[in-house]
Amino acid sequence: MRPVPALLLIGTLAVAAHAAHGARSLAVGTAHPAAVKEMFLDFVQRYDKEYVNDEVEMAYRMGVFAENLVAIEESNAMNTFYSEVNEFADETWDEFSARLSHPQADCSATLSEEHELLHHHHPESQDWREKGVVSPVKNQGNCGSCWTFSTTGALEAAYALEFGSILSLSEQQLIDCAQAFDNHGCSGGLPSHAFEYVRYNGGLDLEVAYPYKAKNGTECHYRPDAAAVFVKDVVNITEGDEKMLKDAVGNIKPVSVAFEVVSDFRFYKNGTYTSSECRKGPSTVNHAVLAVGYHKDHYWIIKNSWGKDWGMDGYFRMGPIGENMCGVATCSSFPVLDEPPKEKKVQTS
């Protein structure tokens, strides 16, 4: 049985936190039950919140925290997946949404050639992590750069499959340099378009050479001598075709996918995520991730970019397969790698 903190059973914990002419206030002041205060103080200490010495901000954040506790309780009462307090529990939905991409109407790679995926039987289940080709989970921070992490995750896995070693590639290069391919830095972008950028740019740098800043840069600092991965082509999976997506993930490699995040997803901890609120169209998906496997027709296994403490060590399950849950099969693609130039020897450390 999943544990549910007793304080969540108190339906009166919610407080109205709102902004008025730039000044935020609490409708119930600081009149929170002792259990909420204690849990909030533990939360502040655990996540090393910078406002710990700001009395006004502490009071406001406690109100938001209390509202989110009620939302978590309600989600656990209604859903089969389990939610819990995490580092986002003191943020409003609007604040949290800054991490999400702005939806784009066209989520396919515009310059990609047509490809026929393998149509033989795929494995009943697949998990590329077990084959040692999935790179460690990263954290995008407060920048809406999920698309860059989906891109590098797919490229890192493709490189490991083809060349036998794990690289860490530069998300910051994509933020700073890929705008000409309809990407927008911390305001969002598309992995399929990012693969195109890498293809026509002539490579993507290692992260050690072009480290992540979690913010938009003022200019591109691409170093051709530090480029480690090269793209020959981009494969788009037919919009909404989970059979084709399953063929690709089962037989070929991890695949970049996108879906619509709605408010209850941010507190996900474990189980198979499902939602009746999220939508499935290409103009509503707002978060790019990496599908690294699946279990039968029950769920996808997906790598997120919110750090290892979120979800199941940075991963989540979404299903059932066959319903295109939240649009997970709406905007999916993967890269085909090119051989590095003969004179280039990649340094992995």
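In this predicted model, helices H1 and H2 are roughly perpendicular to each other, since angles of 65 to 115 degrees are counted in that class. The axes of H1, which spans residues 34–46, and H2, which spans residues 55–78, come within 10 Å and cross at roughly 110 degrees. On the H1 side, the contact is formed by Val36, Lys37, Met39, Phe40, Leu41, Phe43 and Val44, which meet Met58, Arg61, Met62, Phe65, Ala66 and Leu69 in H2. The residues of this contact divide into 11 nonpolar and 2 charged, with no polar residue among them.

A further helix pair is formed by H4, covering residues 146–163, and H6, covering residues 191–201, whose axes come within 9 Å and cross at roughly 60 degrees. That angle makes H4 oblique to H6, and the crossing of these two helices is right-handed. Here Trp147, Ser150, Thr151, Ala154 and Leu155 of H4 meet Pro191, Ala194, Phe195 and Val198 of H6. By class, the contact of H4 with H6 comprises 7 nonpolar and 2 polar residues, and no charged residue takes part.

Methods
Residues numbered from 1 in each chain as written. Predicted model: local features only at pLDDT ≥ 70, side-chain atom pairs only at ≥ 80, totals over all residues. Heavy atoms only, no water. Axes fitted to C-alpha atoms, helices over the stretch in contact; angles between N-to-C directions. Helix = DSSP H or I, 4+ residues; strand = E, 2+ residues; numbered from the N terminus. Parallel < 35°, antiparallel > 145°, perpendicular 65-115°, else oblique. Left-handed = near helix turned anticlockwise from the far one by under 90°. Contact = heavy atoms within 4.5 Å. Nonpolar A, V, L, I, M, F, W, Y, C, P; charged D, E, K, R; others polar.
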